[in-house]
Structure formats: C-alpha cells, structure tokens
Amino acid sequence: MGKALYIAEKPSVAQEFANALKISGRRSDGYIESEQAVVTWCVGHLVTMSYPEAYDPKLKRWSLQTLPFLPKEFKYQVIEGVAKQFAVVSGLLNRPDVDTIYICTDSGREGEYIYRLVDQMAGVKGKTRKRVWIDSQTEEEILRGIREARDWTDYDNLAASAYLRAREDYLMGINFSRLLTLKYGPVISNYMKTDRTVLSVGRVMTCVLGMVVRREREIRNFVKTPFYRVIGNFESEGMNFDGEWRSAEGSRYYRSPYLYRENGFKEREHAQKLIDELQKNQPLTAQLAKIERKKEVKNPPLLYNLAELQNDCSKLFKISPDETLRVVQELYEKKLVTYPRTDARVLSTPVAKEIHKNIGGLRSFDPVRGFAQEVLDQGMFRDLSGTRYVNDKQITDHYAIIPTGQGFGALRSLAPLSVKIYEVIARRFLSIFYPSAVYQKYALELTADREHFFTNFRVLTEPGYLKVADVSHFKKKGSDLENKDDSEVNQKDLENPAFVAMLATLKKGMVLPVNSLTIKEGETSPPKRYSSGSMILAMENAGQLIEDEELRAQIKGSGIGTSATRAEILKKLVHIKYLALNGKTQIITPTLLGELVFDVVDASIRQLLNPELTASWEKGLTYVAEGSITPDEYMQKLEHFVAGRTYHVLKLNNQFQLRDGFEQVGRCYTKKS
C-alpha cells in the first residue's frame, strides 16, 4: 500500500495537518515524512502565467502592431524565487510510492488554482487526488476534512473559473496596459514632465479607481448652500428640550419661495422675521398637538463576512482592509477563527447543530466569558437553526467568520490589535443568541400661533443583544460607529431617568412654555469620500455604498472582485500612486496621476469604469463555477470584449483633446498646493 501525500498552501498550515495526523516523522527540506504519509507545502503561488515574450521573443517589445494579444493556448512557468520548493513538491507528487494526493490548499477559488497549476506543471499522472475542504484549522475540522475529502474532479468547475479569472486579468492587463501606454502614455508624460508613463489597467482596479475619481469630482464640483433653521426651546416639569420648526400646512410660510426646504430658509432675514412674528405673543406658549409613542425593535446584525469586518475595523481601529485581512488570517492560522476569505454572513445547518462547542470555548476568553456562560446556561442557542443566521442557500464556499472556541493558548503571543479584532468577532458572534434591542420612540408635534415644531426621542428600554455587542471601549472620539442621529435631539437627556419619566407624562393638548427661539445656521454637505472600509463595502455591492446593513444583506450578486482580492486591489492602487490613503483617517483620494489615467480610460475604454459591468464579469465566473455556463462560452465573450475594445482604441485620434482636460484637472491640484 502506497503513501498519502498532503499538500498545503503554506508551511504553517502543513504543520497543522502534520500535527492533526500525528505525523512526527523526520522533517526534510520542504516536507515532513513518516512511515505512512508525507506532508508538503507550497509557498503561495509556485507557478504563474508566462509573459508574452515566452510565446514569441518579438512580443517583449511593446507595439500597437502586435495587439490584440490573444493566445490560443496559454503558457505557464515556475516562479523563479520559489523554484526550489516547486522541485520538492513536483518530486513528491510523482514519487512512485505516493498513490493518493490530498489537496489541502486554501478552500476557495485561489487555493484551487494554486494546486491545479502545480499539478499541471509537474505532469502528475496515475494518482488518486482528493480535495480537502475545511472551514477552520482546528484538529477536529482538519480530520473531518480529510475523512470527507471528495474526488478532485468534483471541483473541476471551480478550477475552470479560477483559470478564467487569471486569464481575464492577464488578457485585459497585457492588452489594455500596453494599448493605453503606447497610445496615451506620451500625452501624460508630456503634461507631467516625466520621461515615461506606463499605464496600469485592470478589470477590477480600474473600476475602483473610477469610483474614487468620480466621488472626488462630485465633491470638487459641489456648491455649498447655506440655510437657516428656527429652533424652539420648550419646557415641561422643569426640563427643557428643543424642537425644529417646519413649514406645515397653515404656516405663514407654507410652500413659500423663501424656503430652502420645509425646515429651513434660504436667507437669515426670513428666519428672523418668523421669530419676530412669533415673539409678538408674550408669554409665548405652544400646544402639544400630537404625540406618538411606538416601539422600535432592532435585531442583532448578521455575522461577519470579510467585507463587513474590514469596514468595521477601518472605523474602529483606523486600519486598512489589507491589515485587517492580515490579522484575521493570523487568527485563522492560530485556530482562533474560521476561514476569513468568505462572502457569507450566515452559518450552515451542520455548524448550527454543533454551535454549543464554539460558545463553550469562549468561556476561556475573559472579555466575553460571562455572556458565553449565560447563552449556555439559558439554552439561548437551541433554536438557532430556525433563525435568519442559518441559511445553507446563502453559502457558497464558506460560512461566516466566527470564533472556533479553540486556540486560546496563542492569545498571549498575539499583538494587542489582533486580540481586539478577535474580541470584535466574538462579540458579534455571541450577540446573535440574544434578543432584539427594544426602544421606545416619541414623536412630538407642537403648535404655536399657526407654526409647527417637531422633535423625536428614542429611549432604550431593553438592551437585548446590545449589552454583548458593545464595543464602545474601542471607539475613538468622533468614530463613525457612534451612530449619531441628527434628528434625535437632546441625546444626553435620554440617559436621565427624570427626563424619560417626564416624556411619559406628556399628553395631547398640553400647553408648554416656549423659553426661546433661535436661528441655527447650516449648510448642505458634499458627498463623503470613501474610507478604505466603505470602499470594500462598495466593491462588495457592485459600486453601491449601501449604508443600511439590512439592505446590504438582501443584495444578491458577486460585486467587484472577491473577498480574497479586494484589499490587495486597493493596496496596489496606492502602491502605483493612482490613489492616496491617509493612514490616520483611512480616507481615500485620487492622485493627479490617478485622475489623468481615469480620463484616458474614460476617453478610450469607458466600460472598464462601469461597476455593474465589472460585477457582471465576476458573476460570470460564478456561473462557470456553478456549471451554469461553460468555460468556452465565457472565454469567447472575453476574447470578443478584449479584441473589440482594442480595435476601437486603435482607431481613435483623441490625444489632443485629452491634453485640454488634463489642464483643467491640473489646476485643481495647483490650488491645493
């Protein structure tokens, strides 16, 4: 009987497999071997697609005459820096005494691609290959994955989508980067006064650049409009609260041309005139014309996927998505959390049945020990399968990121930031077992001499899940997570029991003194710039920055890029100086070069800037992985797109017009400096 070979994606993961399998044999250069088995590893990618010159030496020189470049058969080569490890892995894959290969690379499209390329380059034949698919690196999960490993052909569609994704990025990158560099690089160089400009163009990265530039230009072109609101201060039982005037029916200014909106004036003088007219009545009083009381129920949010976690960490800790992914990958490799590169925000039915193990383990983590114990003691986890947090249909490769309940021995070796991010994940996880938070909402309408004032209050009556989900000790002053609502005045008073009691005594028809009327000046706000976290969410939702979490959960589609690639795309755009990322605020802005590249793409291959189109390519890859369309169908569409756009640009003669546009953009940057 031959040996089994286990091949992992990284040395650290290979060691976990060796530990789980109790392989304590000799450690050689690049693998671990015992009497029954061998464990080896890649070091990320060992094989890559060859540059055009591998097809023909003449293609090394960039020329418009050689475009479009659309090879019929793609070539691959071993990456020079890891050739030694490839030789080790290739030798083991082809060893006569190895009859079964367990593929243990990361359980996702990219992990599948990493192994398939190695297998292809090594020319493996006559071996049984089994795919191990796991959601965490705990010993229990590794052994389950090996036990339930499926024939690798079950993943052929996923592998096909992985090959196509790489070919798509390759063909668009090679063709469009060369095309636009040769056609428009001299125009940019001439304007920027540089020797040479190489344009870097990609299916996803150019679309992201477009989102940032468009937003910046919206902000740049935004004209602030001042407006003036009238605020009344009212009194009841010795306590004061504010109300905002609005032009309701019957008002002196109902549908008046002087209004900016129903709650504000275009000119200060008209706001002052309203106050003067009201203050003719002394003492000024207001009648409580309407009071509405209703309960508001707020459900615990869905669990974290990578995009949601990256967004929250950007807000809480002011770190980049790339840094968040690095930390959560570390937590995964230390067995503390499940697989991080996931788009799902729910759990699978089998996991839900065993969820008490994850909860029980959290009793070893001080910040949430009491909550974990409470969930277990009260059996709050028992009906989880019937909730919105469990949905097998919403899971493709992996379920949401949750604590494994194991690996606590590694906590001491983690950096403080890593521990904080683990706590954020643990709190989100435990919160789903708690009831909804309940608020009592009050909506007041007061009338004074035909004029109407409105105010709203919200009182937390049952904290529910909020007591475990609270991460306020991480928040910095002014954090986006403070959830301030401008429509709810006197927030501080809502923590005052006497003020809350006063609200309960209010009745329709009551007459209240008006202490003062004041003008509050405001101005319209431009759109917000993307932060690194909000950009990840916008990419996930195909270019829409959807702030409402419930609505985000309903969006169907693959978005722009994948959970595994979005952070890297942002990082690359910053590295090539198309975007600038403020390390303290995580705010993203375009550079002058980035805006010029945007203008070039907009004038040549505008489709690359379209988020919906970019998302549709990603959706197409999903269809290939599902078997809904064939790889050949996808490849035909891809070649047609690349060739069509290339021929279109070759016919253009618009360099001179672009120069005028560059001058306009450049003036904006001159003003800044």
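Analyst: Let's start with burial: a residue is buried under 20% relative accessible area, exposed over 50% and partly exposed in between, using a 1.4 Å probe and protein chains only. Please keep in mind that this is a predicted model, where local features need pLDDT of at least 70 and side-chain atom pairs count only at pLDDT 80 or more, while totals for chains, interfaces and linings use all residues. Residues are numbered from 1 along each chain as its sequence is written, and side-chain values use heavy atoms, leaving out hydrogens and water.

User: Thanks! What share of the residues in the chain is buried?

Analyst: Of the 673 residues in the chain, 54% are buried. The C-alpha atoms fill a box of roughly 100 × 75 × 40 Å along the principal axes.

User: How many helices and strands does the chain have?

Analyst: Both are DSSP runs numbered from the N terminus: helices are H or I with at least four residues, strands are E with at least two. The chain has 22 helices and 19 strands.

User: Which residues of H16 are buried?

Analyst: Ser532, Gly533, Ser534, Met535, Ile536, Leu537, Ala538, Met539 and Glu540 are the buried residues of H16. That is nine of the nine residues in this helix (residues 532-540), so H16 is largely enclosed by the rest of the structure. After H16 comes Ala542, with a positive phi near 55°.

User: Which residues are joined by a cis peptide bond with omega of about -10°?

Analyst: Gln282 and Pro283 are. Pro283 is in the loop between helix H7 (268-278) and strand E14 (285-298). The peptide bond from Leu67 to Pro68 is cis as well, with omega near 0°, and Pro68 is found in the loop between strand E5 (47-49) and strand E6 (76-78).

User: Now the aromatics. What describes a pair of aromatic rings?

Analyst: The distance of the centres and the angle of the planes describe such a pair. Rings of Phe, Tyr and Trp (its six-membered ring) pair if their centres lie within 6.5 Å; planes under 30 degrees apart count as stacked, over 60 as edge-to-face and the rest as tilted. Searching the whole structure gives 25 aromatic pairs. In one of them, the ring centres of Trp245 and Tyr253 are 6.4 Å apart and the planes are at 90°, so this pair is edge-to-face. Trp245 and Tyr253 are both buried. Phe429 and Phe433 also pair edge-to-face, at 5.3 Å centre to centre with 85° between the planes. Phe429 is buried at 0% relative accessibility, and Phe433 is buried at 6%. There is a cluster too: Phe234, Phe241, Phe453, Phe457 and Phe499 form one aromatic cluster.

User: What sits over the ring of Tyr530?

Analyst: The charged end of Arg215 does, 4.4 Å from the ring centre. The rule is that NZ of Lys or CZ of Arg lies within 6 Å of the ring centre and within 35 degrees of the ring normal. Arg428 likewise lies over the face of Tyr304, at 4.0 Å from the ring centre.

User: At what angle do H20 and H21 pack?

Analyst: Axes are lines fitted to C-alpha atoms, for helices over the stretch in contact, and angles run from 0 to 180 degrees between N-to-C directions. H20 (residues 611-626) and H21 (residues 631-651) pack at about 155°, with axes 9 Å apart. Angles under 35 degrees are roughly parallel, over 145 roughly antiparallel, 65 to 115 roughly perpendicular and the rest oblique, and H20 and H21 are therefore roughly antiparallel to each other. Residues in contact (heavy atoms within 4.5 Å) include Trp617 of H20 and Tyr634 of H21.

User: Which residues is Ala426 in contact with, leaving aside neighbours within four places in sequence?

Analyst: Leu362, Phe365, Val368 and Pro403. Ala426 is in helix H13 (residues 416-431) and is buried, with a relative accessible area of 0%.
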